[in-house]
Structure formats: structure tokens, C-alpha cells
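Please walk through the strands, the helix and the aromatic pairs of the structure shown below.

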Amino acid sequence: MKQKTVLVTGASRGIGREIAKLFAKNGYQVAVNYCLSQEQAESCVDEIQQQGGTAMMIGADVSNRLEVHNMIKQVYQSFGTIDILVNNAGIAQQKLFTDLSEQDWINMFDINVKGVFEVTQAVLPPMIRQQQGNIVNISSMWGVTGASCEVHYSAAKAAVIGFTKALAKEVGPSHINVNCVAPGVIQTQMNDLLSQQTIQTLKEETPLGRIGTPKDIAELVLFLASEKASFLTGQIITADGGMTI
């Protein structure tokens, strides 16, 4: 049976890193994309290889069309295929809407939305030709509910949700599944700036009584990319411990 390949964007740390490691553990060839965190990407690949997995790292700004196409070319040269794409790369920022600069808005949409567009558009043609493929986009529960002081982030993540639903309808006839995971509060470097008091409050506001882990999200992404989820497409799964029920 041919070994499948997954490309995970923003895979050097946090949720993306955990996704890359879990796919490798389950027998996938893993392309680890990073933009700025080269050392962390290297350590991710080293960790995968030490555990007997197959991985490569590729630096690329997902919002840069040329860099994205070069990245896809490198993956095909090394692994011969891209069966699964996980659009995980993203940035976050907390700021009053009235304090947002135009550049803040542009940066947020460049990475969180344009990046999803660029990488997906580059990966799709071979998937369509092969009449198979799987795309999992990472949004946020704030893309569903909206978050105060994160208007640009919430709007960008909501765009990923709309993108997922529309693309699922368009490429469904080509037997390509497109789904979306909208994580709640997860223990990542992105949330390290939150105070212990804030973390405790968030735990208390979560019906399951805890903060999520990157592994929680990785397990869900792995499921969505598997044959077990072959009849799921266009779905937005909010993995937030029940916070937005």
C-alpha cells in the first residue's frame, strides 16, 4: 500500500507540530512547513525521524505565491504526492478595533486567509486529476462566535469557515473532502501571554473543566483525514470543550 503524504503548514510549533508528529506516528510522510521558526521545524523533523517516521521541512511564507509553489514542488520532488493538506499556519493578535492599523488587518488576512487560498489552490489540481484528496483547515471558535478585541482575527477565521463550506461543495464531485476544525482555548505558545487567573477563568467557563491540548486537535485532524471520515465534508467542528454550546 502506497505511503500517503501530508503537508502541514505552520508545523514548527503548537497545534501544527502535534499534527505533524501524530501523522508521522501513523505512517504518513510529513512535510513540515515553517516560516520563521527554522530551529523548531528542524527539531520537529528530528523528533519524527528519531521515532522512525519520515519527514522533511520546507520554509515558505504561505501568503507568498512564489514561495508556496516552490514549496509544493519540493514536496513532490521528495515524496511524489500530497494526499492531505492541513492549513494550520496562522497568527493572532489582541487589540481594540479602534486601535487596529490597516497593516494589522492586512497581516491578519494575508496569513490566515490568503495563505489558505494560496496553498490550497497550489495543491488542488493534482488532487482533482487523481480524483482524491483531503483538506483540513484550522479556524477558531472565535470565527464562529466572534471575540472582543480580536475583530480582525475573528473575521479572518470566519472567512476560513466560509471558504471550507464553499470549496467542499465545489470539489466534492472530485472525491475531495474539505473540513474545518475550530479549536477553543488550547495550551500553546500563542496563549502563553495569558495570566494564570485568566486561564483558570477559562477553565471554569468550559463545561469539560479544562483547557484543550494540541493533541486534542491533532487527533481530530487525523480522524478527518482518514477513511473513517470519508462521508464528512464541509463540516465545521468546534473543539472547545463545550465552551460555545
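Trp-105 and Phe-109 both belong to helix H4 (residues 102-130), where they sit 4 residues apart, about one turn of the helix. Helices here are DSSP runs of H or I with at least four residues, strands are runs of E with at least two, and both are numbered from the N terminus. This is a predicted model, in which local features need pLDDT of at least 70 and side-chain atom pairs count only at pLDDT 80 or more, while totals for chains, interfaces and linings use all residues. Residues are numbered from 1 along each chain as its sequence is written, and side-chain values use heavy atoms, with hydrogens and water left out.

A search of the whole structure gives 2 aromatic pairs; rings of Phe, Tyr and Trp (its six-membered ring) pair if their centres lie within 6.5 Å, and planes under 30 degrees apart count as stacked, over 60 as edge-to-face and the rest as tilted. Phe-23 and Tyr-28 are edge-to-face, because their ring centres are 4.8 Å apart and their planes at 70°. Trp-105 and Phe-109 are stacked, at 4.9 Å centre to centre and 25° between the planes.

Phe-23 and Tyr-28 are both buried (under 20% relative accessible area, with exposed over 50% and partly exposed in between, for a 1.4 Å probe and protein chains only). Trp-105 has 34% relative accessibility and so counts as partly exposed.

H4 also forms a right-handed β-α-β unit with S4 and S5: with the strands pointing away from the viewer, the path from the first strand over the helix to the second runs clockwise. In strand S4 (residues 84-87), Ile-84 and Val-86 point one way and Leu-85 and Asn-87 the other, and all are buried.
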